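Please report on the local geometry, strand pairing and packing of the following model. Keep it brief, with cut-offs stated.

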Amino acid sequence: MQDRNHLSDVQATNSVSLIENGLVEIPMLQLLDENGHETNKEQSPEINETTAKRISTTMQYIRLLDERMVGAQRQGRISFYLACTGEEASTVGSAAALSENDMIMSQYREQGALAYRGYTTDQFMNQMFSNQLDPNKGRQMPIHYGDKKLNFMTISSPLGTQISQAAGYAYGQKMAGEPAVTICYFGEGAASEGDFHAGVNMAAVLNCPVIFFCRNNGYAISTPSEEQFKGDGIASRGIGYGVKTIRVDGNDVLAVYAATKKAREIALAENCPVLIEAMTYRLAAHSTSDDPSGYRSKSEEDKWRAKDPIERFNKWLDGKGWFDKKATDAFLEKSRAEILAALKKAEKVPVAPIEDIVEDVYDTPPWHLKEQLVELKAHIAKYPEHYPKTSGRLK
Amino acid sequence: MAQMNLLQAINSALVTAMTEDEKVMVFGEDVGHFGGVFRATSNLQQKFGKGRCFNTPLTEQGIIGFANGLASHGSVPVAEIQFSDYIFPAFDQIVNETAKWRYRSGGQFTCGTLTIRTPYGGGIAGGHYHSQSPEAFFAHIPGMKIVIPRNPKQAKGLLLASIRDDNPVLFMEPKKLYRAAVGDVPETDYELPLGKADLVKEGTDITLLAWGAQVEIIEKAAAMAEEIGVSCEVIDLQSILPWDVETICESVCKTGRLLINHEAPLTGGFASEIAATVQERCFLYLESPIARVCGLDTPYPLAHEKEYMPDHLKTFEAIKRTMDY
Ligand SMILES: Cc1ncc(C[n+]2csc(CCOP(=O)(O)OP(=O)(O)O)c2C)c(N)n1
């Protein structure tokens, strides 16, 4: 019988020496330097003109959307927003390397992946304005998107919970024989949660075709990554759990795209998890409730601004002769107008009618919820002016 | 005395506790240099150093497990869980460990010095992951105390008492009131007793009971009821566990009626426990069934937050129903 525990064959040593952190350092794949030049043409992924342009416009669109929505929050039109400025290459580049049937389970800063899948400006707006066209029916804060048709799992706020779930979802895909994988995004902060350790270990042991994509962007709210972990980042943990791992420059679309393509191939062919650690930087505030000037310097931000992923990729496009300044400007102009129009439209759409409040708690509302709804409606009918969002539409 | 908001009062309590006892340590996500996402721990790191006020990695189970170990050593941890909605990853550590450490070791070891601070509650357009009121889950575990202040003066006095109490305490802060509740707070070191309710207003016809941010709501309903000639006694429970059964029952025996208001869902909420106990002890004094005005049995919504909330109007209607029974 084969020995089940391969550690029983471990090589012996007679030297009392500890393996130190720093002995093994995982390098970072970079295929595009800061001037948009390819560093190794042989390893550069094949990206056709259409895909390349779609990546570029999606990144620019998302940056516009972020700017506009941060503004809308400041004007009090929405309650909350969370920008991904600086990290566009990580999420858009990785989404571009997937098949549309692959499931995306994201944290909350991955609007780029969703936009790449084709989520429309109206859809973004309806969710953010919590109106009755929001597929979440106005139950979650702005930015908690989800779309079944686009294979984008609805976002949940508690951090890290999607990591173990992604392992399970991917196992389901494998068992059903679907030619698809799951990608799971999370931050380096969320990688401290128990769910990270549980999820990556489960995926490794149960051979789940899942891509764990960590956006290591330097901060978890105000906590810098030095206070989040010791050791060689999140990538080394992948190795520790027996998971194939790659670290990439998260501001380099080519590197992110190439790594994700490869990860997908391996996950699918070998039924195993792959971990990608994308080294990037959160140029935006953590969210509209945050003020980063309290915990990091402007010069640090400027250093990263110089590594702007959008500019870097556009320089590459330009080198290929694929960058059309006029067309880009026209696209941006059109998107700006579209975003503003959609915003104005969505803020006028009413919230869901009050009957909705007891829906989706269970498959059908049990007696106690039905009773509570009857009481609530009678109460609203008595004080209609106090519940203006719903009182006009009582059924 | 100084004018402070609830956050400043909590900060003042932490400064007092850390100054007076060097074993007090304050930690959690973002609590270090930044002072926490709500700024309750502002300047503590500057004052007391990184050894005693620090950021932790982003892991609630880690924070409470760590705090349990630290407390069992005899240090005095004050751990922050950034939002009470995110206390659940630490549920195992709290329920199975914090609360039972003393019991399972025959009193040899304890986590009695631990205080867990966490903002809770709605009314801030936070949707269901920034609005929950999970006190009832923890009230079901023997071995913990649960405290909820409603104003700055209480917050400081109760937090100091919690930190110094020889039992683990879950200290829940109504985040809706963090900046909204402002009042006089003694700059001195003082404690308010745990397990005691606060009689906010005397009355003769009905007892209204709430805690945290909901006290304001029942006060508002009481004012409406006074206008139609109903005299309300208003009580802030302050401590969910152990709760002040004496004060409540005394009041109910006087007024003959009880209404309990809380933000958490009705079913299995702490009002159920109070109602059961009061009917057992005051049955013959009751003139009408005990009323509960609570959140609906749904997750906490966003767009329908106003409708969901057990607000002053729902409370006022329930007062009338109880009076007319
Ligand atoms: C379980 C849990 N704890 C705390 C929070 C509050 N919180 C929201 S975002 C955040 C920081 C996350 O940082 P990271 O995972 O690095 O992602 P980034 O925001 O940097 O993209 C925290 C602490 C939460 N949402 N869930």
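Asn207(A) is partly exposed, because its relative accessible area is 37%. The classes are buried (under 20% relative accessible area), exposed (over 50%) and partly exposed (in between), with a 1.4 Å probe and protein chains only. Asn207(A) sits in the loop between H6 and E4 of chain A. Its phi is near 55 degrees, a positive value in a residue other than glycine. Helices (H or I, at least four residues) and strands (E, at least two) are DSSP runs, numbered from the N terminus.

This is a predicted model, in which local features need pLDDT of at least 70, side-chain atom pairs count only at pLDDT 80 or more, and totals for chains, interfaces and linings use all residues. Residues are numbered from 1 along each chain as its sequence is written, chains are lettered from A and ligands numbered from 1 in the order in which they are written, and side-chain values use heavy atoms, with hydrogens and water left out.

Ser130(A) also has a positive phi, about 50 degrees, although it is not a glycine. The residue is in the loop between helix H4 (121–128) and helix H5 (161–175) of chain A. With a relative accessible area of 9%, Ser130(A) is buried.

## The chain A sheet

Which order do the six strands of the open sheet in chain A take? The order is E1-E7-E8-E4-E3-E2, and the pairing is parallel. Strand E1 (28–29) and strand E2 (103–105) of chain A stand at the edges with a single partner strand each, so one side of each has no neighbour in the sheet. Two strands pair if DSSP finds at least two bridges between them.

E2(A) pairs with strand E3 (residues 182–187) of chain A in the parallel sense, over three bridges. Ile104(A) has Ile183(A) in E3(A) as its bridge partner. Helix H6 (residues 194–205) of chain A lies across E3, strand E4 (210–216) and strand E8 (274–279) of that chain. H6 runs at about 145 degrees to E4(A). Axes are lines fitted to C-alpha atoms, for helices over the stretch in contact, and angles run from 0 to 180 degrees between N-to-C directions. Contact means heavy atoms within 4.5 Å.

## A crossover in chain B

Why is strand E14 (residues 291–295) of chain B largely enclosed by the rest of the structure? Four of its five residues are buried. Strand E13 (residues 258–265) of chain B pairs with E14(B) in the parallel sense, over five bridges. Pro265(B) stands opposite Gly295(B) in E14(B).

From E13(B), the chain crosses through helix H10 (residues 270–282) of chain B to E14(B). This β-α-β crossover is right-handed: with the strands pointing away from the viewer, the path from the first strand over the helix to the second runs clockwise.

His128(B) is in the loop between strand E5 (115–120) and helix H6 (135–139) of chain B. Is His128(B) buried or exposed? Its relative accessible area is 19%, so His128(B) is buried. Not counting residues up to four places away in sequence, His128(B) touches Arg139(A), Gln140(A), Asp85(B), Pro299(B) and Tyr300(B).

Glu191(B) lies in the loop between strand E8 (182–185) and strand E9 (198–201) of chain B. At 43% relative accessibility, Glu191(B) is partly exposed. Leaving aside neighbours within four places in sequence, Glu191(B) contacts Gly157(B), Leu160(B), Ala161(B) and Arg164(B). A cis peptide bond joins Leu241(B) and Pro242(B), with omega about -10 degrees. Pro242(B) is in the loop between strand E12 (239–241) and helix H9 (245–255) of chain B.

## Exposed positions

Gly76(A) is in the loop between helix H1 (49–74) and helix H2 (88–96) of chain A. With 58% relative accessibility, Gly76(A) counts as exposed. Gly76(A) and Val200(A) are 124 residues apart in sequence, and their C-alpha atoms are 40 Å apart.

Arg321(B) belongs to helix H12 (residues 312–323) of chain B. Its relative accessible area is 56%, so Arg321(B) is exposed. Arg321(B) and Ser162(B) are 159 residues apart in sequence and 38 Å apart in space, C-alpha to C-alpha.
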